[in-house]
Amino acid sequence: MIKKDLVNEKKWENALTKKLMHHENSSILFVLLLVIALVVLAEFFLARGMVFKDLAFLSSRNISSVLQQVSITGILAIGMTLVMLMGGIDLSVGQLMGFIGVLMASLIKAGNLPMWSIVLIGMSTAIVCELLMGLIISRTKLESFIVSLGFMSIYQGFIYLITNGREISIGDKFEFIGKTSINITSNFKIFSSVILYVLLTVIVWLAIKYTKFGRRLYFVGGNENSAFLAGIGVKNFKLWVYGLNGFFVSIASMIMISRLSTGGPNMGQGKEIDVIASVVVGGTAMSGGKGNVWGALIGVILLGCISNALNILGVNPYYQYVMKGGLIVLSVFIGYYSGLRKKSKTRLNQRSIA
Amino acid sequence: MQSETILEMDGISKSFPGVKVFDNLCFDVRKGEVHCICGENGAGKSTLIKILSGAHMPDSGTIRIDGRVVENNTPHLAMGLGVQTIYQEHNLFPLLSVYENLFAGNEYTKGGLLRKSEMVQKTSEILAFLNSDISPFDIVGQLGSGEQKTVEVARAFIKESKVIILDEPTASFSQAEIKNLLHIVKKLSSEGISIIYISHHLEEVFEIADRVTVIRDGMKINTYNIKDLDECTLINDMVGRDVCSFFNREKVDIGGIKFEATDFSGNGVSNVSFVVREGELVGFSGMVGAGRSELAELLFGVKKADTGSIKIDGKDVRIDSPIDAILNGMCFITEDRQSTGLSLQHSILSNSNIAMYSKDNKRFVKPSDDLRVAQKYCKSMNVVSPTVHQKVSLLSGGNQQKVVLAKWFATNGSIYIFDEPTRGIDIGAKEEIYKIMTQLLKEGKSIIMISSDMPELIAMSDRVLVMRKGRLVADIPKDEMTEENILKFSIGGGSDD
């Protein structure tokens, strides 16, 4: 009896260590430790009265502002997760968001179209842009990396053409999506964008779990040839995933201009790095077929916390770029390393006869 | 003929997990001879070459090159000792010119600068020696298949090789190209270079060989001087297995015509027509590259056919893509389960459900249903795994193959195309798969089985169709099915078109 328990315990223990060494968990664990360290550090400095009191990391005001800040990156990360699950990547999301943002801002400023039609124009433009890119990527063997890099530059051009490099102020004409909030206490507010983000995450999670689309997403990312033979129209499938990504980009850009009350030319700059970093830290594999939206959610929140904590610590903001880049490399490295250990164990099983 | 031994393998054993490829193999090559190695698909020819060239390490035994014992052989070491291997696939830099390819890695330099004119000069000399009209400046990627092979031979020649290994060099060659290559081989051997030549084409073997070694199931059967050998002995030696000990299939009643393919061409296949009846297993035999897998791709809509039509249950059907094929009840168990059958990083569960999704138009899935399907087939096929959530990459070859089968059984198809159903699978799992196939036949389903495993073909098939160079060349009924008979048609038995 005792012996049996021991065996069970051992099994359980093995399962736990295995789970922890699993790619997604190991990189998240690592980032989590980093956040805790930073928070402790921030609170430590705070206790010595070195930083402004009301910016304290764990204050309710700070938490609600972190949540609001990450919702844009988060919504982009949902779309990116879908694209990366199927084995692609989209570097153009940041600039596309900026482009859609300034397009809508300029239409709002002109003021001769009803708001619903502007929203519709914004959404459909984003989706059409992504579909166009998806068409090229799915119909040819071109790398999504390089195609989306090209589109990134194209959108940047559009942004400057629309704005002439100046910000377009829209005042309070478009506040609903980014500025309304439920006030739980005077300091703790839940913004509509946060609610929208969580809602979209839940919907996508359910869709991935309970629809054929979701199940197939993993399979296309896992092995395209096999997916094709199993009766999946891989080309059109990829096309629609990019289109869907366009939808998420358009939502993100609406929140952006609503929150800032302007459409600025540099709004989306570098956003793709934040998004890809969050998705990768959240455990989604660059090679496709592995990951989920909850991982992306955790990645987004963790990265948001880190940059917030660095702000509180008064670290030069330029260091944040170094930090973010380092984090991507490190989390991919950890994933590679834990994958390597597993592989060396199973290589014997996999080797087949030539 | 000189009799000095240049290369010697003694007592070589090699096994891969679960399979013993070689047991105590001895083999030697003399200076300046052309030594052919013959054997069926999977007899171990390629492994033998890989051991010689250093790509695989033998488990035991010694290799002696030029009298020197070679330990810890690596591709680099083997090349340094003068053993050059020319593999079946081209191994060149297609965007570079001929002379650049010849000297890649061994450039003539002076003070760090390339001595281009000397290299070009040398290249021209070698090409002239090989009777080739290729220019040193031709871009390799734009040359034909035969010319590229010539470039590879020239490259081996430049490295002052003692032994050149040619693995199936003529697989995609025209008659003229074959003739030219054989001429080159003779020329090299007259220069004192030994050639190990591997080919399925017996006519080539009889034209150039000095000696022939036959390998079967990882054993050397015999080495002959070519003058002591005739075609009949050679085929017998290649085949000669105890067929009786093999799997004994139950008889199943054969019904009416289920599947009818008419006049299929394209993708390396020309004018193939055949029928399969209910409860019938039609075997496809032929050498590698005879167009069998290519035909399967056409039937299943993976590749577009130039011509060809399919009737199922007497009705015309249009199959333009795998989706159409699946909707019409077809299933395709591909040759390579790792690259086209499974998504290795995913679980048994998701792999076994994926094809079923293409059967209906429902948008939603019920995870509990998916689980039930996966568990049902895992149980009925005896997949050895703790749970259905196990990644398929962690399963053995036999269990992986069962997951592929589960994927297709879940679609409830009625026409199954098996491409090499038991490749790389141990004998126990093989039998289980044969039983599963027999069960399918009992249920009145039709099976098209492509196989290079002769005993398997003979034991399982109701009829064997033989393909050669993209054409159907024979339809062999059960009572005339012998290995000799099938092999004779597959390799053309001396006659050529």
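1. Strand β15 of chain B runs parallel to strand β21 (residues 463–468) of chain B, and 4 bridges join the two. Strands here are DSSP E runs of at least two residues, helices are H or I runs of at least four, and both are numbered from the N terminus. Two strands pair if DSSP finds at least two bridges between them. In β21(B), B:V466 is the bridge partner of B:S285.

2. A word on the basis. This is a predicted model: local features need pLDDT of at least 70, side-chain atom pairs count only at pLDDT 80 or more, and totals for chains, interfaces and linings use all residues. Residues are numbered from 1 along each chain as its sequence is written, while chains are lettered from A and ligands numbered from 1 in the order in which they are written.

3. Back to β15(B). Strand β20 (residues 446–450) of chain B also runs parallel to β15(B), again with 4 bridges. B:I447 in β20(B) stands opposite B:L281. Buried means 20 or more other C-beta atoms within 10 Å of the residue's own; exposed means 12 or fewer, and partly exposed is in between, with C-beta atoms placed from the backbone. In a regular strand the side chains alternate between the two faces of the sheet. B:L281, B:G283 and B:S285 point one way, B:V282 and B:F284 the other, and all are buried.

4. Overall form of chain B. The chain has 17 helices and 22 strands. Its radius of gyration is 25 Å, close to the 23 Å of the globule rule for 497 residues, so chain B is as compact as a globular protein of that length. The radius is taken over C-alpha atoms, and the rule is 2.2 Å times the number of residues to the power 0.38. Along the principal axes, the C-alpha atoms fill a box of roughly 70 × 50 × 45 Å. Of the 497 residues, 47% count as buried.

5. A second sheet in chain B is open. Its 4 strands follow the order β14-β13-β16-β17, with antiparallel pairing. The edge strands are β14 (269–277) and β17 (315–317), each pairing on one side only. Twist averages 20° from one strand to the next. β13 (residues 257–266) and β16 (residues 307–312) of chain B share 5 bridges. B:T262 stands opposite B:S309 in β16(B).

6. The interface. 36 residues of chain B are in contact with 28 residues of chain A; contact means C-beta atoms, placed from the backbone, within 7 Å. Elements giving two or more residues to the chain B side include β2 (19–30), α1 (45–53) and α14 (397–409) of chain B. By class, that side has 17 nonpolar, 16 polar and 3 charged residues. Nonpolar covers Ala, Val, Leu, Ile, Met, Phe, Trp, Tyr, Cys and Pro; charged covers Asp, Glu, Lys and Arg; the others, Gly among them, are polar.

7. Two backbone points to check by eye. B:N72 has a positive phi near 50° and is not a glycine. B:N72 lies in the loop between β5 (68–70) and α2 (75–80) of chain B. B:N72 is exposed, with 7 other C-beta atoms within 10 Å. B:N412, also not a glycine, has a positive phi of about 55°. B:N412 sits in the loop between α14 and β19 (415–419) of chain B. B:N412 is exposed, with 11 other C-beta atoms within 10 Å.

Technical notes: Contact = placed C-beta atoms within 7 Å. Axes fitted to C-alpha atoms, helices over the stretch in contact; angles between N-to-C directions.
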